[in-house]
2 protein chains.
Amino acid sequence: MDDRELLKLVMGIVGRENCLDDCAVLPCGEQQMVVTTDMLHQTTDFVTGMTDWQIGWMSAAVTLSDIASMGAAPKYLLIAVGLDKWEQISGVMQGAKDCCTKFGAAIIGGDIDRHGELTVVTTGLGLVDKEHLVRRSGAQPGDLVCLTGTPGQAQAWLEGFLQYEKALFEPQPRVEEGQTLARGGITAMMDDSDGIALSLYDLLSVNDYGFAIDSSTLPLPAGVPGEGARELALYGGGDYELLFTLPPERHPVKGVQYTVIGKVIPERVVLVDGAPPERRGYQHRWG
Amino acid sequence: MDDRELLKLVMGIVGRENCLDDCAVLPCGEQQMVVTTDMLHQTTDFVTGMTDWQIGWMSAAVTLSDIASMGAAPKYLLIAVGLDKWEQISGVMQGAKDCCTKFGAAIIGGDIDRHGELTVVTTGLGLVDKEHLVRRSGAQPGDLVCLTGTPGQAQAWLEGFLQYEKALFEPQPRVEEGQTLARGGITAMMDDSDGIALSLYDLLSVNDYGFAIDSSTLPLPAGVPGEGARELALYGGGDYELLFTLPPERHPVKGVQYTVIGKVIPERVVLVDGAPPERRGYQHRWG
(Lines give C-alpha, C1' and ligand atoms only; values in the text may rest on other atoms or scores of the structure.)
Protein backbone atom coordinates (compact mmCIF):
# COMPACT_ATOMS: atom_id res chain seq x y z
CA MET A 1 0.00 0.00 0.00
CA ASP A 2 1.51 3.34 -1.06
CA ASP A 3 0.28 6.96 -1.08
CA ARG A 4 -1.50 6.70 -4.39
CA GLU A 5 -3.30 3.45 -3.54
CA LEU A 6 -4.38 4.94 -0.22
CA LEU A 7 -5.58 8.07 -2.00
CA LYS A 8 -7.90 5.93 -4.13
CA LEU A 9 -9.40 4.51 -0.96
CA VAL A 10 -9.91 8.03 0.42
CA MET A 11 -11.46 9.17 -2.87
CA GLY A 12 -14.15 6.56 -2.35
CA ILE A 13 -15.12 8.30 0.90
CA VAL A 14 -14.68 12.02 0.28
CA GLY A 15 -15.27 12.06 -3.49
CA ARG A 16 -12.80 11.96 -6.35
CA GLU A 17 -13.22 15.62 -7.32
CA ASN A 18 -11.57 16.70 -4.07
CA CYS A 19 -8.37 14.76 -4.70
CA LEU A 20 -7.36 15.77 -8.22
CA ASP A 21 -5.29 18.93 -7.73
CA ASP A 22 -2.54 20.30 -5.53
CA CYS A 23 -5.15 22.55 -3.89
CA ALA A 24 -8.89 22.68 -3.35
CA VAL A 25 -10.62 25.58 -5.07
CA LEU A 26 -13.31 27.72 -3.41
CA PRO A 27 -15.29 30.78 -4.46
CA CYS A 28 -14.13 33.93 -2.67
CA GLY A 29 -15.87 37.06 -3.90
CA GLU A 30 -14.68 37.91 -7.41
CA GLN A 31 -11.66 35.64 -7.06
CA GLN A 32 -11.01 32.02 -6.31
CA MET A 33 -9.34 30.79 -3.17
CA VAL A 34 -7.04 27.78 -3.27
CA VAL A 35 -6.39 25.80 -0.09
CA THR A 36 -3.96 22.99 0.68
CA THR A 37 -2.57 21.17 3.70
CA ASP A 38 0.71 19.24 4.12
CA MET A 39 1.95 17.07 6.96
CA LEU A 40 5.69 16.71 7.49
CA HIS A 41 7.52 15.02 10.31
CA GLN A 42 10.92 14.11 11.62
CA THR A 43 11.37 10.55 10.42
CA THR A 44 10.48 10.87 6.78
CA ASP A 45 10.80 14.57 5.97
CA PHE A 46 13.24 16.39 8.23
CA VAL A 47 16.72 15.14 7.46
CA THR A 48 19.29 14.96 10.26
CA GLY A 49 21.33 18.12 10.13
CA MET A 50 18.46 20.47 9.37
CA THR A 51 18.15 23.37 11.78
CA ASP A 52 14.82 24.23 13.39
CA TRP A 53 14.71 27.31 11.15
CA GLN A 54 15.14 25.11 8.05
CA ILE A 55 12.41 22.75 9.30
CA GLY A 56 10.04 25.71 9.56
CA TRP A 57 11.13 27.05 6.19
CA MET A 58 10.61 23.70 4.44
CA SER A 59 7.21 23.22 6.08
CA ALA A 60 5.98 26.54 4.70
CA ALA A 61 7.71 26.12 1.33
CA VAL A 62 6.04 22.81 0.42
CA THR A 63 2.61 24.34 0.94
CA LEU A 64 3.41 27.59 -0.88
CA SER A 65 4.62 25.42 -3.77
CA ASP A 66 1.20 23.74 -3.99
CA ILE A 67 -0.40 27.18 -4.19
CA ALA A 68 2.11 28.33 -6.82
CA SER A 69 1.29 25.28 -8.92
CA MET A 70 -2.33 26.48 -9.25
CA GLY A 71 -1.16 29.85 -10.58
CA ALA A 72 -2.29 31.52 -7.35
CA ALA A 73 -0.67 34.04 -5.02
CA PRO A 74 -0.09 32.63 -1.51
CA LYS A 75 -1.71 34.87 1.11
CA TYR A 76 -2.11 33.05 4.41
CA LEU A 77 -0.56 30.15 6.29
CA LEU A 78 -1.73 28.24 9.35
CA ILE A 79 0.82 26.07 11.10
CA ALA A 80 0.24 23.27 13.60
CA VAL A 81 3.37 22.10 15.38
CA GLY A 82 3.61 18.96 17.49
CA LEU A 83 6.82 18.81 19.46
CA ASP A 84 8.52 17.22 22.41
CA LYS A 85 11.16 19.91 23.05
CA TRP A 86 9.40 23.26 23.36
CA GLU A 87 12.68 25.08 22.72
CA GLN A 88 12.33 24.15 19.04
CA ILE A 89 9.20 26.25 18.51
CA SER A 90 11.01 29.57 18.05
CA GLY A 91 13.24 28.34 15.25
CA VAL A 92 10.44 26.48 13.49
CA MET A 93 8.07 29.46 13.63
CA GLN A 94 10.75 31.92 12.55
CA GLY A 95 11.70 29.75 9.56
CA ALA A 96 8.06 29.42 8.50
CA LYS A 97 7.53 33.15 8.96
CA ASP A 98 10.62 34.07 6.92
CA CYS A 99 9.54 31.79 4.08
CA CYS A 100 6.04 33.29 4.12
CA THR A 101 7.40 36.83 4.16
CA LYS A 102 9.69 36.15 1.20
CA PHE A 103 6.81 34.82 -0.89
CA GLY A 104 4.10 37.29 0.09
CA ALA A 105 2.12 35.31 2.69
CA ALA A 106 1.39 35.85 6.39
CA ILE A 107 1.02 33.37 9.23
CA ILE A 108 -2.49 33.88 10.59
CA GLY A 109 -3.01 31.00 12.98
CA GLY A 110 -1.95 27.63 14.22
CA ASP A 111 -1.90 25.09 16.98
CA ILE A 112 0.71 23.68 19.32
CA ASP A 113 0.59 20.12 20.54
CA ARG A 114 2.88 18.01 22.69
CA HIS A 115 4.11 15.23 20.44
CA GLY A 116 6.78 12.56 20.70
CA GLU A 117 8.02 13.28 17.19
CA LEU A 118 8.41 16.72 15.67
CA THR A 119 5.42 17.08 13.31
CA VAL A 120 4.49 20.18 11.34
CA VAL A 121 1.26 20.60 9.39
CA THR A 122 0.94 23.71 7.28
CA THR A 123 -2.27 24.85 5.62
CA GLY A 124 -1.93 27.48 2.93
CA LEU A 125 -4.54 29.76 1.37
CA GLY A 126 -4.00 31.63 -1.86
CA LEU A 127 -5.99 33.80 -4.23
CA VAL A 128 -6.21 33.78 -8.01
CA ASP A 129 -8.38 35.47 -10.62
CA LYS A 130 -10.81 32.95 -12.09
CA GLU A 131 -9.36 33.15 -15.59
CA HIS A 132 -5.83 32.38 -14.37
CA LEU A 133 -6.49 29.31 -12.23
CA VAL A 134 -4.48 26.34 -13.51
CA ARG A 135 -5.24 22.72 -12.67
CA ARG A 136 -3.46 19.43 -13.24
CA SER A 137 -5.98 18.71 -15.99
CA GLY A 138 -6.28 20.72 -19.18
CA ALA A 139 -3.31 19.50 -21.24
CA GLN A 140 -3.94 19.28 -25.01
CA PRO A 141 -2.19 17.13 -27.62
CA GLY A 142 0.68 19.10 -29.14
CA ASP A 143 1.28 21.17 -26.00
CA LEU A 144 4.89 21.41 -24.90
CA VAL A 145 5.78 19.75 -21.59
CA CYS A 146 8.01 22.12 -19.64
CA LEU A 147 9.86 22.32 -16.34
CA THR A 148 11.33 25.17 -14.31
CA GLY A 149 14.79 24.72 -12.76
CA THR A 150 16.96 21.64 -12.50
CA PRO A 151 15.38 18.47 -11.10
CA GLY A 152 17.16 15.93 -8.93
CA GLN A 153 19.19 18.27 -6.75
CA ALA A 154 17.40 17.53 -3.47
CA GLN A 155 17.73 13.79 -4.05
CA ALA A 156 21.38 14.32 -5.02
CA TRP A 157 22.13 15.57 -1.48
CA LEU A 158 20.52 12.42 -0.06
CA GLU A 159 22.87 10.37 -2.21
CA GLY A 160 25.97 12.15 -1.00
CA PHE A 161 26.35 15.20 -3.25
CA LEU A 162 26.53 17.61 -0.36
CA GLN A 163 26.81 20.73 -2.50
CA TYR A 164 23.03 20.43 -2.89
CA GLU A 165 22.20 20.92 0.78
CA LYS A 166 20.21 24.10 0.19
CA ALA A 167 18.12 22.47 -2.52
CA LEU A 168 16.87 19.91 -0.01
CA PHE A 169 16.90 21.94 3.23
CA GLU A 170 15.63 25.29 1.94
CA PRO A 171 13.42 24.68 -1.10
CA GLN A 172 12.34 27.78 -2.98
CA PRO A 173 8.74 27.52 -4.15
CA ARG A 174 8.20 28.94 -7.65
CA VAL A 175 5.63 31.47 -6.55
CA GLU A 176 6.28 34.29 -9.00
CA GLU A 177 6.89 31.83 -11.81
CA GLY A 178 3.57 30.05 -11.21
CA GLN A 179 1.59 33.26 -11.55
CA THR A 180 3.53 34.44 -14.60
CA LEU A 181 3.02 31.08 -16.31
CA ALA A 182 -0.70 31.13 -15.50
CA ARG A 183 -1.05 34.54 -17.13
CA GLY A 184 1.06 33.25 -20.04
CA GLY A 185 -1.52 30.71 -21.14
CA ILE A 186 -0.32 27.35 -19.81
CA THR A 187 -2.90 24.58 -19.84
CA ALA A 188 -1.99 22.34 -16.85
CA MET A 189 0.49 22.46 -13.97
CA MET A 190 1.67 20.72 -10.81
CA ASP A 191 4.84 20.72 -8.76
CA ASP A 192 7.30 17.86 -9.16
CA SER A 193 7.82 17.20 -5.44
CA ASP A 194 7.49 13.42 -5.80
CA GLY A 195 9.79 13.31 -8.83
CA ILE A 196 9.15 13.85 -12.53
CA ALA A 197 8.21 10.27 -13.38
CA LEU A 198 5.51 10.02 -10.68
CA SER A 199 4.32 13.55 -11.44
CA LEU A 200 3.82 12.64 -15.11
CA TYR A 201 1.76 9.65 -14.03
CA ASP A 202 -0.25 11.97 -11.76
CA LEU A 203 -0.90 14.25 -14.74
CA LEU A 204 -1.86 11.22 -16.83
CA SER A 205 -4.45 10.17 -14.25
CA VAL A 206 -6.45 13.41 -14.68
CA ASN A 207 -5.88 14.17 -18.37
CA ASP A 208 -7.30 12.52 -21.48
CA TYR A 209 -3.90 12.52 -23.19
CA GLY A 210 -0.35 11.30 -22.57
CA PHE A 211 3.10 12.75 -22.04
CA ALA A 212 6.26 11.92 -24.00
CA ILE A 213 9.54 13.15 -22.51
CA ASP A 214 12.98 13.25 -24.11
CA SER A 215 15.40 12.68 -21.24
CA SER A 216 18.30 14.21 -23.19
CA THR A 217 16.60 17.61 -22.78
CA LEU A 218 16.36 17.35 -18.98
CA PRO A 219 18.62 19.78 -17.12
CA LEU A 220 20.76 17.57 -14.86
CA PRO A 221 22.35 18.29 -11.48
CA ALA A 222 25.97 19.22 -12.15
CA GLY A 223 28.69 17.09 -10.62
CA VAL A 224 26.75 13.84 -10.62
CA PRO A 225 28.55 11.44 -12.95
CA GLY A 226 27.10 9.30 -15.71
CA GLU A 227 23.63 7.80 -15.71
CA GLY A 228 23.13 8.79 -12.04
CA ALA A 229 22.21 12.37 -12.89
CA ARG A 230 19.42 11.33 -15.26
CA GLU A 231 18.15 8.84 -12.68
CA LEU A 232 18.01 11.58 -10.01
CA ALA A 233 16.27 13.99 -12.37
CA LEU A 234 13.56 11.48 -13.28
CA TYR A 235 12.93 9.71 -9.99
CA GLY A 236 14.28 11.99 -7.24
CA GLY A 237 11.87 13.65 -4.79
CA GLY A 238 12.12 16.83 -2.74
CA ASP A 239 12.28 19.29 -5.63
CA TYR A 240 9.67 22.03 -5.89
CA GLU A 241 9.89 22.89 -9.55
CA LEU A 242 6.83 23.46 -11.72
CA LEU A 243 5.92 20.90 -14.37
CA PHE A 244 3.47 22.36 -16.90
CA THR A 245 2.03 22.14 -20.39
CA LEU A 246 2.01 25.02 -22.82
CA PRO A 247 0.53 25.49 -26.31
CA PRO A 248 3.53 25.93 -28.68
CA GLU A 249 2.19 29.27 -29.92
CA ARG A 250 2.45 30.69 -26.38
CA HIS A 251 6.10 29.63 -26.03
CA PRO A 252 8.26 31.24 -24.70
CA VAL A 253 6.52 32.76 -21.68
CA LYS A 254 8.55 35.82 -20.84
CA GLY A 255 9.98 36.29 -17.37
CA VAL A 256 10.29 32.60 -16.44
CA GLN A 257 13.25 30.34 -17.05
CA TYR A 258 12.11 26.89 -18.07
CA THR A 259 13.07 23.98 -20.27
CA VAL A 260 10.94 22.19 -22.87
CA ILE A 261 11.32 18.48 -22.05
CA GLY A 262 8.61 16.86 -24.15
CA LYS A 263 5.15 16.95 -25.68
CA VAL A 264 1.57 16.07 -24.88
CA ILE A 265 0.56 13.15 -27.13
CA PRO A 266 -2.86 11.75 -28.08
CA GLU A 267 -2.13 8.31 -26.54
CA ARG A 268 -2.87 8.03 -22.81
CA VAL A 269 0.57 6.88 -21.76
CA VAL A 270 3.74 8.27 -20.18
CA LEU A 271 6.85 7.78 -22.28
CA VAL A 272 10.47 8.66 -21.52
CA ASP A 273 12.61 8.19 -24.63
CA GLY A 274 9.81 6.11 -26.09
CA ALA A 275 9.25 3.71 -23.18
CA PRO A 276 7.13 3.95 -20.00
CA PRO A 277 9.26 4.95 -17.00
CA GLU A 278 8.98 3.08 -13.72
CA ARG A 279 6.26 4.27 -11.37
CA ARG A 280 8.63 5.25 -8.60
CA GLY A 281 9.73 8.39 -6.82
CA TYR A 282 8.94 9.86 -3.44
CA GLN A 283 6.19 7.82 -1.80
CA HIS A 284 5.28 6.74 1.70
CA ARG A 285 4.68 3.03 2.10
CA TRP A 286 2.52 1.10 4.53
CA GLY A 287 3.03 -2.60 5.22
CA MET B 1 6.19 25.50 30.11
CA ASP B 2 2.51 25.02 29.20
CA ASP B 3 0.38 25.85 26.15
CA ARG B 4 -0.32 29.41 27.18
CA GLU B 5 3.31 30.25 27.99
CA LEU B 6 4.37 28.77 24.66
CA LEU B 7 1.69 30.78 22.90
CA LYS B 8 3.22 33.99 24.29
CA LEU B 9 6.54 32.98 22.78
CA VAL B 10 4.86 32.34 19.42
CA MET B 11 3.04 35.69 19.62
CA GLY B 12 6.43 37.38 19.73
CA ILE B 13 7.23 35.85 16.33
CA VAL B 14 3.98 35.87 14.37
CA GLY B 15 2.29 38.84 16.07
CA ARG B 16 -0.20 38.95 18.94
CA GLU B 17 -3.19 39.83 16.78
CA ASN B 18 -3.06 36.40 15.13
CA CYS B 19 -3.37 34.50 18.41
CA LEU B 20 -6.38 36.08 20.13
CA ASP B 21 -9.36 34.15 18.79
CA ASP B 22 -10.46 30.60 18.09
CA CYS B 23 -10.13 31.38 14.37
CA ALA B 24 -8.29 33.78 12.10
CA VAL B 25 -10.56 36.16 10.17
CA LEU B 26 -10.09 36.96 6.47
CA PRO B 27 -12.01 39.06 3.97
CA CYS B 28 -13.94 36.94 1.46
CA GLY B 29 -16.11 38.99 -0.87
CA GLU B 30 -19.06 40.44 1.05
CA GLN B 31 -18.54 38.02 3.91
CA GLN B 32 -15.75 37.12 6.29
CA MET B 33 -13.99 33.79 6.29
CA VAL B 34 -12.84 32.24 9.55
CA VAL B 35 -10.04 29.65 9.50
CA THR B 36 -8.65 27.42 12.23
CA THR B 37 -6.39 24.38 12.55
CA ASP B 38 -6.20 21.73 15.28
CA MET B 39 -3.69 18.95 15.87
CA LEU B 40 -4.81 15.84 17.74
CA HIS B 41 -2.93 12.64 18.33
CA GLN B 42 -3.11 9.26 19.95
CA THR B 43 -1.29 9.82 23.22
CA THR B 44 -3.01 12.93 24.50
CA ASP B 45 -6.28 13.14 22.59
CA PHE B 46 -7.53 9.77 21.40
CA VAL B 47 -8.54 7.73 24.42
CA THR B 48 -8.12 3.95 24.36
CA GLY B 49 -11.44 2.47 23.35
CA MET B 50 -12.28 5.05 20.70
CA THR B 51 -13.05 3.59 17.30
CA ASP B 52 -11.40 4.94 14.16
CA TRP B 53 -14.75 6.47 13.24
CA GLN B 54 -14.91 8.28 16.59
CA ILE B 55 -11.32 9.52 16.12
CA GLY B 56 -12.30 11.03 12.79
CA TRP B 57 -15.51 12.45 14.23
CA MET B 58 -13.70 14.10 17.15
CA SER B 59 -11.00 15.52 14.88
CA ALA B 60 -13.61 17.28 12.76
CA ALA B 61 -15.78 18.28 15.71
CA VAL B 62 -13.07 20.21 17.58
CA THR B 63 -12.42 22.35 14.51
CA LEU B 64 -16.09 22.89 13.71
CA SER B 65 -16.51 24.02 17.33
CA ASP B 66 -13.87 26.74 16.84
CA ILE B 67 -15.81 27.96 13.81
CA ALA B 68 -19.10 27.85 15.73
CA SER B 69 -17.56 29.96 18.48
CA MET B 70 -17.01 32.83 16.01
CA GLY B 71 -20.69 32.78 15.05
CA ALA B 72 -19.78 31.38 11.62
CA ALA B 73 -21.17 28.56 9.49
CA PRO B 74 -18.60 25.80 8.86
CA LYS B 75 -18.20 25.17 5.13
CA TYR B 76 -14.99 23.29 4.38
CA LEU B 77 -12.59 20.94 6.12
CA LEU B 78 -9.08 19.79 5.18
CA ILE B 79 -7.73 16.77 7.02
CA ALA B 80 -4.12 15.59 7.29
CA VAL B 81 -3.74 12.10 8.71
CA GLY B 82 -0.45 10.58 9.84
CA LEU B 83 -0.78 6.89 10.52
CA ASP B 84 1.15 3.69 10.87
CA LYS B 85 -1.67 1.26 10.07
CA TRP B 86 -3.18 2.25 6.76
CA GLU B 87 -6.30 0.22 7.55
CA GLN B 88 -7.36 2.99 9.93
CA ILE B 89 -7.78 5.59 7.21
CA SER B 90 -11.27 4.48 6.14
CA GLY B 91 -12.77 4.77 9.60
CA VAL B 92 -11.07 8.06 10.37
CA MET B 93 -12.14 9.65 7.07
CA GLN B 94 -15.70 8.33 7.37
CA GLY B 95 -16.03 9.70 10.90
CA ALA B 96 -14.72 13.11 9.84
CA LYS B 97 -17.01 13.11 6.82
CA ASP B 98 -20.10 12.17 8.85
CA CYS B 99 -19.38 14.94 11.36
CA CYS B 100 -18.93 17.46 8.54
CA THR B 101 -22.12 16.35 6.83
CA LYS B 102 -24.14 16.67 10.03
CA PHE B 103 -22.94 20.23 10.58
CA GLY B 104 -23.06 21.53 7.00
CA ALA B 105 -19.40 21.28 5.96
CA ALA B 106 -17.59 19.31 3.23
CA ILE B 107 -14.14 17.72 3.18
CA ILE B 108 -12.28 19.40 0.32
CA GLY B 109 -8.71 18.25 0.75
CA GLY B 110 -6.05 16.68 2.89
CA ASP B 111 -2.79 14.85 3.16
CA ILE B 112 -1.72 11.37 4.20
CA ASP B 113 1.59 10.72 5.89
CA ARG B 114 3.21 7.65 7.33
CA HIS B 115 3.58 8.31 11.03
CA GLY B 116 4.50 6.22 14.06
CA GLU B 117 1.65 7.69 16.09
CA LEU B 118 -1.85 8.33 14.76
CA THR B 119 -2.00 12.10 14.26
CA VAL B 120 -4.88 14.06 12.74
CA VAL B 121 -4.76 17.73 11.84
CA THR B 122 -8.00 19.33 10.71
CA THR B 123 -8.26 22.79 9.20
CA GLY B 124 -11.71 24.30 9.03
CA LEU B 125 -13.04 27.22 7.00
CA GLY B 126 -16.30 28.97 7.74
CA LEU B 127 -18.24 31.97 6.52
CA VAL B 128 -20.06 34.68 8.44
CA ASP B 129 -21.69 38.01 7.61
CA LYS B 130 -19.49 40.84 8.85
CA GLU B 131 -22.06 42.12 11.34
CA HIS B 132 -22.43 38.71 12.98
CA LEU B 133 -18.79 37.82 13.57
CA VAL B 134 -18.14 37.28 17.28
CA ARG B 135 -14.71 37.35 18.89
CA ARG B 136 -13.36 36.51 22.33
CA SER B 137 -13.11 40.24 23.00
CA GLY B 138 -16.09 42.56 23.21
CA ALA B 139 -17.55 41.78 26.66
CA GLN B 140 -19.04 44.79 28.48
CA PRO B 141 -19.58 45.29 32.23
CA GLY B 142 -23.06 44.17 33.18
CA ASP B 143 -23.24 41.56 30.39
CA LEU B 144 -24.45 38.14 31.47
CA VAL B 145 -21.93 35.29 31.29
CA CYS B 146 -23.67 32.28 29.79
CA LEU B 147 -22.97 28.69 28.82
CA THR B 148 -24.67 26.15 26.56
CA GLY B 149 -25.08 22.61 27.80
CA THR B 150 -23.65 20.86 30.83
CA PRO B 151 -19.90 21.16 31.43
CA GLY B 152 -17.69 18.44 32.90
CA GLN B 153 -19.21 15.43 31.19
CA ALA B 154 -16.19 14.55 29.03
CA GLN B 155 -13.88 14.77 32.02
CA ALA B 156 -16.38 12.72 34.05
CA TRP B 157 -15.83 9.77 31.69
CA LEU B 158 -12.07 10.05 32.22
CA GLU B 159 -12.70 9.80 35.95
CA GLY B 160 -14.77 6.67 35.70
CA PHE B 161 -18.34 7.82 35.02
CA LEU B 162 -18.72 5.70 31.95
CA GLN B 163 -22.24 6.87 31.13
CA TYR B 164 -20.52 9.93 29.60
CA GLU B 165 -18.63 8.07 26.89
CA LYS B 166 -20.43 9.84 24.05
CA ALA B 167 -19.67 13.26 25.54
CA LEU B 168 -15.95 12.54 25.30
CA PHE B 169 -15.82 10.29 22.21
CA GLU B 170 -18.37 12.04 19.99
CA PRO B 171 -18.49 15.72 20.90
CA GLN B 172 -21.26 17.73 19.26
CA PRO B 173 -20.07 21.18 18.22
CA ARG B 174 -22.66 23.92 18.86
CA VAL B 175 -22.84 24.99 15.25
CA GLU B 176 -26.48 26.11 15.00
CA GLU B 177 -26.35 27.61 18.49
CA GLY B 178 -23.27 29.71 17.68
CA GLN B 179 -24.93 31.31 14.68
CA THR B 180 -28.22 31.91 16.49
CA LEU B 181 -26.39 33.52 19.42
CA ALA B 182 -24.35 35.72 17.06
CA ARG B 183 -27.57 36.99 15.46
CA GLY B 184 -29.02 37.42 18.95
CA GLY B 185 -26.56 40.13 19.94
CA ILE B 186 -23.96 38.41 22.09
CA THR B 187 -20.76 40.42 22.67
CA ALA B 188 -18.01 37.79 23.06
CA MET B 189 -17.72 34.01 22.68
CA MET B 190 -15.35 31.03 22.77
CA ASP B 191 -15.70 27.32 23.29
CA ASP B 192 -14.86 25.83 26.69
CA SER B 193 -12.72 22.96 25.41
CA ASP B 194 -9.98 23.53 28.00
CA GLY B 195 -12.47 23.87 30.86
CA ILE B 196 -14.47 26.83 32.14
CA ALA B 197 -11.84 28.19 34.53
CA LEU B 198 -9.07 28.36 31.90
CA SER B 199 -11.54 29.67 29.30
CA LEU B 200 -12.52 32.53 31.63
CA TYR B 201 -8.83 33.40 32.02
CA ASP B 202 -8.51 33.30 28.21
CA LEU B 203 -11.43 35.73 27.93
CA LEU B 204 -9.83 37.91 30.60
CA SER B 205 -6.59 38.13 28.60
CA VAL B 206 -8.33 39.82 25.65
CA ASN B 207 -11.02 41.87 27.40
CA ASP B 208 -10.75 45.06 29.47
CA TYR B 209 -13.13 43.68 32.10
CA GLY B 210 -13.50 40.69 34.41
CA PHE B 211 -15.81 37.73 34.89
CA ALA B 212 -17.61 36.73 38.10
CA ILE B 213 -19.21 33.28 38.14
CA ASP B 214 -21.61 31.81 40.68
CA SER B 215 -20.80 28.11 40.76
CA SER B 216 -24.20 27.25 42.24
CA THR B 217 -25.75 28.17 38.88
CA LEU B 218 -23.52 25.77 36.88
CA PRO B 219 -25.35 22.79 35.40
CA LEU B 220 -23.53 19.75 36.79
CA PRO B 221 -23.04 16.27 35.30
CA ALA B 222 -25.68 14.04 36.89
CA GLY B 223 -24.54 11.04 38.89
CA VAL B 224 -21.25 12.53 40.08
CA PRO B 225 -21.49 12.82 43.87
CA GLY B 226 -20.67 15.82 46.06
CA GLU B 227 -18.00 18.41 45.29
CA GLY B 228 -16.65 16.30 42.43
CA ALA B 229 -19.32 17.46 39.98
CA ARG B 230 -18.52 21.16 40.53
CA GLU B 231 -14.80 20.40 40.17
CA LEU B 232 -15.43 18.64 36.84
CA ALA B 233 -17.62 21.46 35.59
CA LEU B 234 -15.03 24.14 36.38
CA TYR B 235 -11.78 22.42 35.49
CA GLY B 236 -12.63 19.51 33.17
CA GLY B 237 -11.56 19.61 29.53
CA GLY B 238 -12.96 17.98 26.41
CA ASP B 239 -16.32 19.75 26.36
CA TYR B 240 -17.32 21.78 23.33
CA GLU B 241 -19.93 24.07 24.81
CA LEU B 242 -20.11 27.79 24.03
CA LEU B 243 -19.16 30.30 26.72
CA PHE B 244 -20.44 33.77 25.84
CA THR B 245 -21.44 37.20 27.14
CA LEU B 246 -24.81 38.79 26.48
CA PRO B 247 -26.26 42.21 27.27
CA PRO B 248 -29.12 41.57 29.76
CA GLU B 249 -31.64 43.31 27.51
CA ARG B 250 -30.97 40.72 24.77
CA HIS B 251 -31.63 37.82 27.16
CA PRO B 252 -33.09 35.31 26.48
CA VAL B 253 -31.91 34.52 22.95
CA LYS B 254 -34.66 32.37 21.48
CA GLY B 255 -33.85 28.99 20.02
CA VAL B 256 -30.79 28.21 22.16
CA GLN B 257 -30.75 26.47 25.52
CA TYR B 258 -28.20 28.07 27.80
CA THR B 259 -27.62 28.93 31.46
CA VAL B 260 -26.67 32.28 32.95
CA ILE B 261 -23.70 31.54 35.20
CA GLY B 262 -22.36 35.00 36.07
CA LYS B 263 -21.68 38.58 35.07
CA VAL B 264 -19.05 40.71 33.40
CA ILE B 265 -17.59 43.04 36.08
CA PRO B 266 -15.52 46.23 35.78
CA GLU B 267 -12.51 44.74 37.64
CA ARG B 268 -10.08 42.76 35.45
CA VAL B 269 -10.23 39.54 37.40
CA VAL B 270 -11.84 36.11 37.23
CA LEU B 271 -13.92 35.22 40.28
CA VAL B 272 -15.78 32.02 41.10
CA ASP B 273 -17.97 32.54 44.17
CA GLY B 274 -15.94 35.65 44.97
CA ALA B 275 -12.43 34.15 44.73
CA PRO B 276 -10.06 33.58 41.79
CA PRO B 277 -10.20 29.96 40.59
CA GLU B 278 -7.03 27.99 39.95
CA ARG B 279 -5.50 28.37 36.50
CA ARG B 280 -5.88 24.76 35.58
CA GLY B 281 -7.77 22.68 33.08
CA TYR B 282 -6.81 20.97 29.88
CA GLN B 283 -3.24 21.94 28.96
CA HIS B 284 -0.28 20.27 27.34
CA ARG B 285 2.95 20.53 29.33
CA TRP B 286 6.58 20.55 28.23
CA GLY B 287 9.43 19.75 30.63
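This is a predicted model: local features need pLDDT of at least 70, side-chain atom pairs count only at pLDDT 80 or more; totals for chains, interfaces and linings use all residues.
Student: What covers the buried residues of helix α9 of chain A?

Tutor: Among what covers them are α5 (153-158), α8 (196-206) and β11 (270-272) of chain A. Residues are numbered from 1 along each chain as its sequence is written, and chains are lettered from A and ligands numbered from 1 in the order in which they are written.

Student: Which residues of α9 of chain A are buried?

Tutor: "Buried" comes from counting neighbours (20 or more other C-beta atoms within 10 Å of the residue's own; 12 or fewer is exposed, in between is partly exposed; C-beta atoms are placed from the backbone). In α9 (227-235) of chain A, the buried ones are A:A229, A:L232, A:A233, A:L234 and A:Y235.

Student: On to α1 of chain B. Which residues are buried there?

Tutor: In α1(B), the buried residues are B:L6, B:V10 and B:V14. They sit on the same side of α1(B), because they cover an arc of only 70° around the axis (the arc of directions from the helix axis to the C-beta atoms). The face turned away from that buried side carries exposed B:E5, B:K8 and B:G12.

Student: What do the buried residues of α1(B) pack against?

Tutor: They pack against chain A, namely α4 (88-102) and β4 (106-114).

Student: How far apart are the end C-alpha atoms of α1(B)?

Tutor: They are 16 Å apart, which agrees with the 16 Å that its twelve residues should span at 1.5 Å a residue (the expected span is 1.5 Å times one less than the number of residues).

Student: How many residues of chain B are in contact with chain A?

Tutor: Contact is judged by distance (C-beta atoms, placed from the backbone, within 7 Å). By that test, 49 residues of chain B meet 48 residues of chain A. Elements giving two or more residues to chain B's side include α1 (3-14), β2 (31-41) and β5 (119-129) of chain B, but β4(B) gives the most, with eight residues. That side divides into 24 nonpolar, 17 polar and eight charged residues (nonpolar: Ala, Val, Leu, Ile, Met, Phe, Trp, Tyr, Cys and Pro; charged: Asp, Glu, Lys and Arg; polar: the others, Gly among them).

Student: What does A:T119 touch?

Tutor: Leaving aside residues up to four places away in sequence, A:T119 touches A:M39, A:H41, A:G82, B:G82 and B:T119. A:T119 belongs to strand β5 of chain A and is buried, with 30 other C-beta atoms within 10 Å.

Student: How is chain A divided into domains?

Tutor: Domain bounds come from an automatic or database domain assignment. Chain A has domain 1 (3-131) and domain 2 (134-272), with C-alpha centres 21 Å apart. Between them, 21 residues of domain 1 are in contact with 23 of domain 2, and α3(A) gives the largest share of the domain 1 side, nine residues.

Student: Where is the cis peptide bond in chain A?

Tutor: Omega is the angle to read: the bond from A:H251 to A:P252 is cis, with omega near 0°. A:P252 lies in the loop between β9 (242-246) and β10 (258-265) of chain A. In chain B, a cis bond joins B:H251 and B:P252, with omega about -5°.

Student: Is A:D273 buried or exposed?

Tutor: A:D273 is exposed, with 12 other C-beta atoms within 10 Å. Its phi is positive, about 55°, although A:D273 is not a glycine.

Methods: Two residues are in contact if their C-beta atoms, placed from the backbone, lie within 7 Å. Helices (H or I, at least four residues) and strands (E, at least two) are DSSP runs, numbered from the N terminus.
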